[in-house]
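Subject: Handing over a structure

Hello,

Here is the structure I promised to pass on to you. Please have a look at it first, and then read my notes below.

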Amino acid sequence: MSFQRRHRIGFWVAFAVLLLSLWPLYPWIAGIRPLVLGMPFSMFWLVLMIAAVFFTFLTLFMKDREDDEALDREYRK
């Protein structure tokens with residue numbers, strides 16, 4: 001997958017999380033019940049969205065790092 005495409009996917013994941021945590025959509029899930037892992041569902045939802053963005057950007061970072069290392073090895077030859 002190309003550099004541009006990976007970053008476009010990262011942007012859209014972050015944008016989707018932003019939309020899912022704002023006014024028009026968030027009130028549908030903003031409730032105290034049910035409890036998930038001891039947290040109200042609305043808090044669990046926000047933690048889940050933050051984790052989704054974190055792991056998306058972590059994956060992007062690792063892939064970019066692999067590409068940079070491959071270019072460095074190719075350059076040194």
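Helices here are DSSP runs of H or I with at least four residues, strands are runs of E with at least two, and both are numbered from the N terminus. With a relative accessibility of 26%, Val-13 counts as partly exposed. On this scale buried means under 20% relative accessible area, exposed means over 50%, and partly exposed is in between, using a 1.4 Å probe and protein chains only. Leaving out neighbours within four places in sequence, Val-13 is in contact with Ala-52 and Thr-56; contact means heavy atoms within 4.5 Å. Arg-76 is 63 residues from Val-13 in sequence, and their C-alpha atoms are 35 Å apart in space.

Before going further, two notes on how to read all this. This is a predicted model, in which local features need pLDDT of at least 70 and side-chain atom pairs count only at pLDDT 80 or more, while totals for chains, interfaces and linings use all residues. Residues are numbered from 1 along each chain as its sequence is written, and side-chain values use heavy atoms, with hydrogens and water left out.

Now the chain as a whole. You will find 3 helices and 2 strands in the chain, and along the sequence they come in the pattern α-α-β-β-α. The C-alpha trace spans about 60 × 25 × 15 Å along its principal axes. The radius of gyration of the chain is 18 Å, whereas a compact globule of 77 residues would have one near 11 Å. That radius is taken over C-alpha atoms, and the globule rule is 2.2 Å times the number of residues to the power 0.38.

Of the 77 residues in the chain, 17% are buried. The accessible surface comes to about 6,400 Å², and 71% of that surface belongs to carbon and sulfur atoms. These areas come from the Shrake-Rupley method with a 1.4 Å probe; for residues, only the protein chains shown count as cover. Among contacts between residues at least 6 apart in sequence, 48% join residues at least 24 apart.

What lies inside? The largest nonpolar core has 5 residues in all: Val-17, Tyr-26, Trp-45, Met-49 and Val-53. H3 gives the largest share of this core, 3 residues. A nonpolar core here is a set of buried Ala, Val, Leu, Ile, Met, Phe, Trp, Tyr and Cys residues joined through side-chain atoms within 4.5 Å. In soluble globular proteins, nonpolar side chains tend to be buried together.

Not counting residues up to four places away in sequence, Tyr-26 touches Leu-20, Ser-21, Ser-42, Trp-45 and Leu-46. Ser-42 sits in helix H3, residues 41-76, and is buried because its relative accessible area is 16%. Beyond its neighbours within four places in sequence, Ser-42 is in contact with Tyr-26, Ile-29, Ala-30 and Gly-31.

Gly-31 takes you into the loop between helix H2 (26-29) and S1. With a relative accessible area of 22%, Gly-31 is partly exposed. Its contacts, leaving aside neighbours within four places in sequence, are Pro-40, Phe-41 and Ser-42. Gly-31 and Phe-41 are 10 residues apart in sequence, with 6.1 Å between their C-alpha atoms.

Back in helix H1, look at Gly-10. Is this residue buried or exposed? Gly-10 counts as buried because its relative accessibility is 2%. Apart from residues up to four places away in sequence, Gly-10 touches Thr-56, Phe-57 and Leu-60. Thr-56 is also one of the contacts of Val-13.

Leu-37 is in the loop between strand S1 (35-36) and strand S2 (39-40). Although not a glycine, Leu-37 has a positive phi of about 55 degrees. Leu-37 counts as exposed, at 75% relative accessibility.

Last, Glu-69 lies in helix H3 and counts as partly exposed, at 37% relative accessibility. Glu-69 and Arg-6 are 63 residues apart along the chain, and their C-alpha atoms are separated by 17 Å.

Enjoy exploring,

A colleague
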